[in-house]
Amino acid sequence: MQLNLNLDIFQPKAPPLFGMDISSSSVKLVELADAGRGNPRVERYAIEALPKDAVLDGNITNLDAVVDAVQRGWKRMATRTKNVALALPTAAVITKKIIVPAGLRDEELEVQVETEANQYIPFALEEVNLDFQVVGPSPSGPEEVEVLIAASRKEKVEDRVAVAEASGLKAIVMDVESYAIQSSFELIQQQFPDNGKDQNI
């Protein structure tokens, strides 16, 4: 299971899925639909409380309790969708922007990213899940591009995947909470006149 920094759920090839947030107090599930023109609409959602200490500091300490809450929420949503997008706490993810030469093939870019990641990640690469995304041209010039690297210890990812699998679901996306919030805000912003300029959202 890789980290996934970018998924447009309204792309034609994107599989149907719903989002799941696991916090210290509850599990939140939400399924969106395309309301037209790329605007999302909340199709269904559910919130299930978690017992105290089931999740501590972003770490799942009581798998059975979390799975039970997820199963209750999924049943309440009355959805057939079993593909799920999850997110890791921002504190559990190391992110870094790097500069690489423009025009690299995918294989070359992957090698370059792993080489750079070795300098910034305080763990062996075999102990982490690593993903990257080209952000755009480098501020220094078109000969280089800016790339965002994200890495997390494998056990952090595996804990959330285990919740999904034990609940009868399939983890398709593992995002980072801060980036997921940013993506959500951008979707909401697009629905306001002038993209919400000078408005409180």
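Residues are termed buried under 20% relative accessible area, exposed over 50%, and partly exposed in between (1.4 Å probe, protein chains only). The structure is a predicted model in which local features need pLDDT of at least 70 and side-chain atom pairs count only at pLDDT 80 or more, whereas totals for chains, interfaces and linings use all residues. Residues are numbered from 1 along each chain as its sequence is written, and side-chain values use heavy atoms, with hydrogens and water left out.

Salt bridges, defined by a side-chain nitrogen of Lys or Arg within 4 Å of a carboxyl oxygen of Asp or Glu, number nine in a search of the whole structure. Side chains of opposite charge can pair when their charged atoms come close. Strands (E, at least two residues) and helices (H or I, at least four residues) are DSSP runs, numbered from the N terminus. E31 counts as buried, at 10% relative accessibility, while R44 is partly exposed, with a relative accessible area of 26%.

A further salt bridge, at 3.0 Å from N to O, joins the side chains of E48 and R72. E48 is buried at 10% relative accessibility, and R72 is partly exposed at a relative accessible area of 33%.

The side chains of R153 and E127 also meet in a salt bridge (3.8 Å, N to O). R153 belongs to strand β9 (residues 141-153) and E127 to the loop between α2 (106-120) and β8 (128-138), so parts 26 residues apart in sequence are tied together. R153 is partly exposed, with a relative accessible area of 24%, as is E127, with 36%. Through salt bridges that share partners, E48, D68, R72 and R76 are joined into one network.

A nonpolar surface patch of about 440 Å² is made by V30, L32, V42, Y45 and I47. Patches comprise residues with over 30% relative accessible area and no salt bridge, like charges being joined within 9 Å and nonpolar side chains (Val, Leu, Ile, Met, Phe, Trp, Tyr) within 5 Å. Strands β2 (26-34) and β3 (40-49) each supply at least two residues of the patch, and β3 gives the most, with three. Y45 lies in strand β3 and is exposed, with a relative accessible area of 57%.

Key
Accessible areas come from the Shrake-Rupley method with a 1.4 Å probe; for residues, only the protein chains shown count as cover.
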